[in-house]
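Keep the sequence and the coordinates side by side.

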Amino acid sequence: MRTKIKDILHAKKIVGQTVTVSGWVRTVRDQKSFAFIEINDGSTLANLQIVFDSSLPSYAELLPQITTGASLSVTGPLVESPGKNQALEIKAQSIHIHGPCSAERYPLQKKRHSFEFLRTIAHLRPRTNTQGAVLRVRNALSFATHLFFQQRGFIYVQTPIITGSDAEGGGQMFRVTTLDPMAANKDYSKDFFGKPAFLTVSGQLEGEIVACALSDIYTFGPTFRAENSNTSRHLAEFWMIEPEMAFADLPADMECAESYLKFCVKYALEHCFDDLEFFDKFIENGLVQRLQHVADSPFVHLTYTKAIEILLKAPKQFEFPVEWGCDLQSEHERFLAEEHCKKPVILTDYPAQIKAFYMRANTDGKTVAAMDILVPKIGEIIGGSQREERLDVLEKKIAAMGLKKEDYWWYLELREFGSVPHAGFGLGFERLVLFITGMENIRDVIPFPRFPGSAEF
Ligand code: 4AD
Ligand code: MG
């Protein structure tokens with residue numbers, strides 16, 4: 001039976017025990033009387049060293065086929081390694097090559113490749129150290145997400161991917177249709193769903209439906225935005241976690257969001273330490289210390305109005321000018337989190353006109369009970385709010401924003417039949433992975449990124 005490299009290195013398999021290990025060759029060093037082969041199986045960052053002795057009968061035939069990228073299984077006893085880079089190695093008794101790999105054609109040779117180049121070979125990039133580490137951290141953060149919400153008694157809900165409603169009221173949606181794309185004057189009443197349909201931008205509105213029955217719920221699914229944002233923080237397809245809590249106000253929402261972020265950071269520090277050390281060494285120096293600081297200290301709270309005052313006094317020239325009522329740009333968000341507060345900041349009470357229709361109106365008549373969490377390097381990582389639960393106020397807002405009441409009839413009925421104060425937020429999963437790995441570009445923290453002009457794999 002095959003043993004994973006992680007189990008050998010972390011579970012401390014006993015020296016002398018015979019094991020079978022399978023993986024892909026990273027390097028081969030021919031020392032004449034024997035060869036060192038390093039293999040990796042993706043279970044952990046570390047490779048396992050194999051000593052292949054020339055006294056084995058298959059040596060001369062197999063060695064030329066053991067090249068970088070080839071896949072193989074090795075059986076032999078685990079022995080203590082005299083080398084300084086590893087504690088254990090395998091003394092091969094037999095080697096089976098599953099798939100050879102052309103040394104001339106294989107693109108992943110020893111040198112470090114740029115992340116841009118690796119995106120063009122998304123079918124091979126999971127075999128690099130960086131992408132392997134990203135995917136293991138991503139996996140751990142998915143698990144941590146379920147753990148956090150399940151421990152708090154939240155119910156996991158699957159909301160639809162194809163939808164007829166625009167949850168953010170922003171209109172940046174991909175259309176889903178079976179009508180002839182070439183036809184002029186399309187009649188959507190004859191389309192598959194009998195009306196226009198889109199890929200969802202958020203599961204929130206459906207999440208609210210279920211929260212208004214089961215109290216605390218969360219979604220974790222793909223979301224789609226057709227905005228033409230060619231930035232290192234935007235994807236056309238990204239994953240979002242959206243908790244929604246009935247009988248909750250904005251302070252409860254902020255408490256949940258801060259605890260969740262900290263839980264994820266601590267979980268990664270505890271369960272992915274090898275990978276985080278790798279990111280600390282090669283991607284962002286000081287990463288582990290930064291994460292420990294995030295886990296240990298309370299987030300800063302500021303109102304939007306106060307943030308505007310800080311930005312107006314900032315000793316910095318921004319590309320986009322600042323005034324009360326403007327939507328904050330990434331440069332403003334990053335200044336607040338990175339330079340002014342030097343830690344995550346929760347901004348609250350944004351002007352109503354720059355936020356979605358569903359956010360609860362404050363008594364000042366100008367702002368809404370919104371909160372965004374901004375973090376160093378990234379800017380907005382979480383967006384949330386208390387929801388408008390008052391039917392008359394919500395109807396007026398929908399009209400004022402130029403949206404059609406008929407499109408939201410069911411959302412309005414929730415306010416008619418046993419309405420409750422409720423609140424929730426959305427966390428962009430890839431932005432969380434950026435934050436925790438220190439990676440620079442969102443296209444490198446999802447295995448198959450979708451962005452304008454790119455959907456090859
Ligand atoms: O602020 P957003 O648009 O909020 C919502 O969608 C609400 N329905 C959430 C809620 O209250 N339930 O998006 C939430 C988060 C952002 O803070 C950001 O982290 C991420 O989703 N996000 C993106 N991530 C990658 N690419 C994009 N194009 C993103 N747009 C938003
Ligand atoms: Mg937002």
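In which loop is Lys32 found? Lys32 sits in the loop between β1 (18–30) and β2 (34–40). Strands here are DSSP runs (E, at least two residues), helices likewise (H or I, at least four), and both are numbered from the N terminus. Lys32 is not a glycine, yet its phi is positive, about 75°. At 67% relative accessibility, Lys32 counts as exposed. Ser215 is in the loop between α5 (204–214) and β11 (216–224). With 30% relative accessibility, Ser215 is partly exposed.

The ground rules come next. The model is predicted, so local features need pLDDT of at least 70 and side-chain atom pairs count only at pLDDT 80 or more, while totals for chains, interfaces and linings use all residues. Residues are numbered from 1 along each chain as its sequence is written, chains are lettered from A and ligands numbered from 1 in the order in which they are written, and side-chain values use heavy atoms, with hydrogens and water left out.

Now the whole protein. It holds 13 helices and 17 strands. Its C-alpha atoms fill a box of roughly 85 × 55 × 45 Å along the principal axes. Of its 457 residues, 53% count as buried.

Turn to the sheets. Strand β12 (residues 237–246) has 8 of its 10 residues buried, so it is largely enclosed by the rest of the structure. β12 runs antiparallel to β11, joined by 9 bridges. Two strands pair if DSSP finds at least two bridges between them. Across that pairing, Phe224 has Glu237 in β12 as its bridge partner. β12 also runs antiparallel to β17 (residues 422–428), through 5 bridges. There, Met245 stands opposite Ala423 in β17.

An open sheet of 3 strands has the order β8-β10-β9, with antiparallel pairing. Its edge strands are β8 (162–163) and β9, each pairing on one side only. β8 and β10 pair over 2 bridges. Ile162 stands opposite Leu199 in β10. Phe193 lies in the loop between β9 (175–176) and β10 (197–199). Its relative accessible area is 42%, so Phe193 is partly exposed.

Which residues come nearest to ligand 1? Of the 24 around it, they are Glu168, Gln204, Glu242, Glu380 and Ile381. Being near means having a heavy atom within 4 Å. A polar side-chain atom of Gln204 is 2.7 Å from a nitrogen atom of ligand 1. An N or O atom in the Tyr358 side chain is 3.5 Å from a ligand nitrogen. Arg387 places a side-chain N or O atom 3.0 Å from an oxygen atom of ligand 1. Taken alone, the ligand exposes 630 Å², and the protein buries 93% of that. Areas come from the Shrake-Rupley method with a 1.4 Å probe; for residues, only the protein chains shown count as cover.

The rule asks for a side-chain nitrogen of Lys or Arg within 4 Å of a carboxyl oxygen of Asp or Glu. The count comes to 22. One of them joins Arg119 and Asp444 at 2.8 Å, N to O. Arg119 lies in helix α3 (residues 115–119) and Asp444 in the segment after α13 (429–437), so the pair ties together parts 325 residues apart in sequence. Both residues, Arg119 and Asp444, are buried.

Glu338 and Arg334 also form a salt bridge, with the closest N and O atoms 3.0 Å apart. They are 4 residues apart in helix α10 (residues 330–340), so about one helical turn separates them. Glu338 is partly exposed at 29% relative accessibility, and Arg334 is partly exposed at 25%. Lys404 and Asp407 make another, at 4.0 Å between the closest N and O atoms. Elsewhere, salt bridges that share partners join Glu208, Glu244, Arg387 and Arg415 into one network.

Definitions and conventions
Buried < 20%, exposed > 50% of the residue type's maximum accessible area, 1.4 Å probe, protein only. Polar contact = N/O pair within 3.5 Å; in protein donor to acceptor, adjacent residues only side chain to side chain.
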